[in-house]
Amino acid sequence: MKDATKCLHSGYTPENGGPGVMPIVQSTTYAFNTTKEVGDLFDMPTAHMYSRFSNPTTDAVEKKIAELEGGVAAMCTSSGQAASLLSILNLCSAGESFLCSTVIYGGTVNLFAVTLKRFGIECIFFDPDSSDEEIEALIKPNTRCVFGETLANPKLAVMDIERIANLAHRNGMPLIIDNTFPTPILCKPISFGADVVIHSTTKYMDGHALQVGGVIVDSGNFNWENGKYPDFCTPDESYHGVVYTRDFGKAAFIAKARMQLMRDFGCYPAAHSSFLLNIGIETLPIRMKQYSENAMTVAKFFEESGYFETVSYPGLKSDKYYDLAQKYLKDGTAGVISLTIKGGRKKAIAFMDGLKLARNEVHVADIRTCVLHPASATHRQLTDEQLVAAGINPGLIRFSVGLEDVNDILEDIKGAFAAVDAVED
Ligand code: PLP
């Protein structure tokens, strides 16, 4: 099946006379006939037993997303943050480290650099535009994986996934890619060598701002028996001696994430959230195409307007990442544009407050156009040094183009330019 068909049909097939729409299984628990059947599930979870770590509605969405990304299995989480967290915790313990691109979402920077540090896990940042030698020089004997974003929020840098995957692999490590902005419709990181893909499904996948969620997808391609990951190939005494690689084969990563981490942390989505997420995914292909088209028109308008020092949108020929986008995002570069307005913070705020249709909100990648000033919102926890490393300027505006008629979006922007003109230099 092609993506548009998978978005509608993967994960759930009605039984004869069954509901045509994937039902919400609103139950925390599942009933069995015998004590033995329940007991056996504690040796090997072959059925749903408790909705802290699996549920039929969420399971259907997990199967759909795994198919879209070209993976063998997926596990939904209650937020994108939880997906980032569990993807790292599945590989790193206290006393170990991992490599992470500097240009990623600010919330992820904080989680990795501040919170994980408190638990003894070190995040070593690398500039994804630096050479292989420079990046490899950062790897330590205890480094367990590499993490980056396909299309970084908010800098919109495009990661050279194939190069970084090769680098990780020749050092015996998996590459984890946060593919939130492109979604599998515009980029499939696994096809370029990524081993694990994560998402904040809160963004385009849902698309309608209805649920906060995340997902982890396992490519099934990484060799966990290379000597670096004993937790995958020796008995897990916390799960009655399960050996993930032996018992789950290619799906070892997701099995371990679910049976150890989801069991213990319990950050699993509610069935109703998964139902809403599924509705969003059903229209993902046509939405991603239209976001990309609208954003291209708006980005060109911004570029020609003269109001901005920089207009970052990898679909623009002038963009630093245009060539990488031609390889990784050839069907479109999604709806988010990063702008640095001339005149800094004051003019940025005048522009944002001058918009009437576009909403000023803590959100991005939505069906409605929205804007955010990262330096005073999502990235306010970063030090100036970290802000610069993440490419955040005080005049930076993240403009997320929605699916309104593009002419209405352009009219709104013209009105905001008038508000900028009214501010004294
Ligand atoms: N990854 C990216 C690229 C994001 O943009 C975000 C949130 O904006 C997250 C992860 C975290 O996701 P959530 O807000 O669903 O926890």
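This is a predicted model: local features need pLDDT of at least 70, side-chain atom pairs count only at pLDDT 80 or more; totals for chains, interfaces and linings use all residues.
Which residues lie nearest the centre of the largest pocket? Good morning, everyone.

To answer the opening question, Pro45, Phe53, Ser54, Asp59 and Arg258 lie nearest the centre of the largest pocket, and they belong to a lining of 26 residues. Two or more lining residues come from each of helix 3 (56-69), strand 1 (73-77) and helix 11 (252-265). Helix 11 contributes the most, with five residues. Sorted by class, the lining holds 16 nonpolar, five polar and five charged residues. The volume of this pocket is about 600 Å³.

Rolling a probe the size of a water molecule over the atoms shows where empty space is left. In this model there are two cavities of 30 Å³ or more. The largest cavity holds about 40 Å³ of space. Its lining includes Ser101, Asp129, Glu149 and Tyr321, and by class that lining has seven nonpolar, one polar and two charged residues.

The second largest cavity has a volume of about 30 Å³. Among the residues that line this cavity are Cys76, Thr77, Ser273, Ser274 and Leu277. Strand 1 and helix 12 (271-282) each supply at least two lining residues, and helix 12 gives the most, with three. Here the classes are three nonpolar, seven polar and no charged residues.

Finally, the cysteines. A disulfide is a covalent bond between the sulfur atoms of two cysteines. How many disulfides does the model contain? The count is zero. For Cys100, the nearest cysteine sulfur is that of Cys123, 4.4 Å away, whereas a disulfide requires two sulfur atoms within 2.5 Å. Cys100 counts as buried because its relative accessibility is 0%. Cys187 is likewise in no disulfide, and the nearest cysteine sulfur, that of Cys7, is 15 Å away. With a relative accessibility of 2%, Cys187 also counts as buried.

Thank you for your attention.

Conventions. Residues are numbered from 1 along each chain as its sequence is written. Side-chain values use heavy atoms; hydrogens and water are left out. On a 1 Å grid over the protein atoms alone, a cavity is a set of points where a 1.4 Å probe fits but cannot get out, and a pocket is an open set with protein on both sides within 12 Å along at least five of seven lines; lining residues have an atom within 4 Å of a point. Grid points are joined across faces, edges and corners, and a volume is the space filled by probe spheres set on the points. Helices (H or I, at least four residues) and strands (E, at least two) are DSSP runs, numbered from the N terminus. Ala, Val, Leu, Ile, Met, Phe, Trp, Tyr, Cys and Pro count as nonpolar, Asp, Glu, Lys and Arg as charged, and the others, Gly among them, as polar. Buried means under 20% relative accessible area, exposed over 50%, partly exposed in between (1.4 Å probe, protein chains only).
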